[in-house]
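Please keep the sequence and the model in view while reading.

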Amino acid sequence: MKTCICLRCDQHFCYRWQTKDDGTKSLISDPCNHHHGKFRWDKTQVSEKNKKKKTWTCCGQRYYRSPPCTTVKHHVTDLNTKFDDSSQRYVATGQTTIRTRDIVALDCEMLFTVDGLQLGRVTVLNSRGKKLFDECVLYPEEDIIDYCTQYSGLTDADILFATYTFEEVRDYVLSIISEDTIVVGHSVENDLKVLKIAHSKVVDTSVLYPNDNPRHKTALRTLTEKHLGRTIQAGANGHDSTEDALAALDLAILHINNTLPW
Ligand SMILES: [Zn+2]
Ligand SMILES: [Zn+2]
């Protein structure tokens with residue numbers, strides 16, 4: 001098994017299994033101590049010289065190397081380690097598909113498995129915001145490292161009782177999106193990356209509405225609140241790919257209406 005660097009704590013690690021008395025295998029726990037927030041400028045923390053200070057958004061500690069405030073059972077990686085698995089190879093959108101649409105909105109939710117960051121749920125909407133496809137992906141329970149429920153909204157019931165495998169879900173998405181379909185989304189490269197789909201015609205709302213700082217992207221939630229007067233991702237259950245895809249679609253339509261000369 002390949003050694004990876006944990007996305008959360010920067011430590012090198014590799015997943016290891018132990019065989020239980022009944023012959024089944026279980027992942028050996030390798031605790032990950034980290035900060036689950038970000039180290040950011042904090043307007044409420046001003047030093048004597050009236051300089052702004054950075055703090056961890058998760059626990060308010062003031063130093064980058066402050067002791068981690070969060071411990072979880074396993075480290076996580078976004079590296080896919082099953083290089084020999086055909087499902088891990090990219091598939092390009094084709095010329096003709098069964099259910100081709102001219103324009104679709106796309107959003108994915110992701111989770112961590114023993115094979116890195118993977119697709120957990122995908123939603124595809126048509127140009128009027130109607131749902132064309134919305135499915136979770138089936139994974140064996142022993143492969144799941146973290147459902148990332150706080151961000152993805154995914155739960156064990158969503159994944160363990162899902163109907164379709166990754167390949168089946170991707171095949172259906174490829175039956176909707178041809179190489180001429182315009183795919184609307186927010187930071188849509190991340191969605192295509194986790195779907196392992198190569199596609200070039202995209203409208204990305206993170207590009208239509210650029211951040212003042214070119215090194216950053218404005219969050220979909222912020223854009224939706226500012227331009228559509230709508231609140232999304234507000235619940236305790238994380239993101240909802242249907243809600244996010246619709247927000248990206250409405251933002252793209254608003255931008256087109258505001259910029260075209262009619
Ligand atoms: Zn913290
Ligand atoms: Zn870690």
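Two strands are said to pair if DSSP finds at least two bridges between them. Helices (H or I, at least four residues) and strands (E, at least two) are DSSP runs, numbered from the N terminus. The model is predicted: local features need pLDDT of at least 70, side-chain atom pairs count only at pLDDT 80 or more, and totals for chains, interfaces and linings use all residues. Residues are numbered from 1 along each chain as its sequence is written, while chains are lettered from A and ligands numbered from 1 in the order in which they are written.

The chain contains 7 helices and 16 strands, and its C-alpha trace spans about 60 × 60 × 30 Å along the principal axes. The domain assignment, which is automatic or taken from a database, gives domain 1 (4–72) and domain 2 (86–259). The C-alpha centres of domain 1 and domain 2 are 27 Å apart. A residue is buried if 20 or more other C-beta atoms lie within 10 Å of its own, exposed if 12 or fewer, and partly exposed in between, with C-beta atoms placed from the backbone. By this criterion, 28% of the 262 residues of the chain are buried.

Which strands pair with S10? Strand S11 (residues 116–126) pairs with S10 in the antiparallel sense over 10 bridges, and a hairpin of 2 residues joins S10 to S11. Within this pairing, alanine 105 has leucine 125 of S11 as its bridge partner. Strand S14 (residues 182–185) pairs with S10 in the parallel sense over 3 bridges; here isoleucine 103 is the bridge partner of isoleucine 182. Strand S13 (residues 144–146) runs antiparallel to S10 and is joined to it by 2 bridges, with threonine 113 standing opposite isoleucine 144.

Two residues are in contact if their C-beta atoms, placed from the backbone, lie within 7 Å. Leaving aside neighbours within four places in sequence, the contacts of alanine 105 include Leu125, Val184, Ala245 and Leu249. For the chain, residues 24 or more positions apart account for 62% of the contacts with a separation of 6 or more.

A nonpolar core is a set of buried Ala, Val, Leu, Ile, Met, Phe, Trp, Tyr and Cys residues joined through C-beta atoms within 7 Å. The largest such core has 42 residues, of which Val104, Ala105, Leu119, Val184, Ala248 and Leu249 touch the most other members. Two or more residues of this core come from each of S10, S11, S13, helix H3 (166–176), S14, helix H4 (188–195), H6 and H7. In soluble globular proteins, nonpolar side chains tend to be buried together.

Helix H6 (residues 220–228) has Leu220, Leu223 and Thr224 buried. The buried residues of H6 fall within an arc of 100 degrees seen down its axis, so they line one face of the helix; the arc is that of the directions from the helix axis to the C-beta atoms. These buried residues pack against helix H5 (205–208) and helix H7 (241–259). Just after H6, glycine 229 takes a positive phi of about 65 degrees.

Finally, histidine 34 is found in strand S5 (residues 32–34). Why does histidine 34 count as buried? Histidine 34 is buried because it has 20 C-beta neighbours inside 10 Å. Not counting residues up to four places away in sequence, histidine 34 touches Arg8, Cys9, Pro68 and Thr70.
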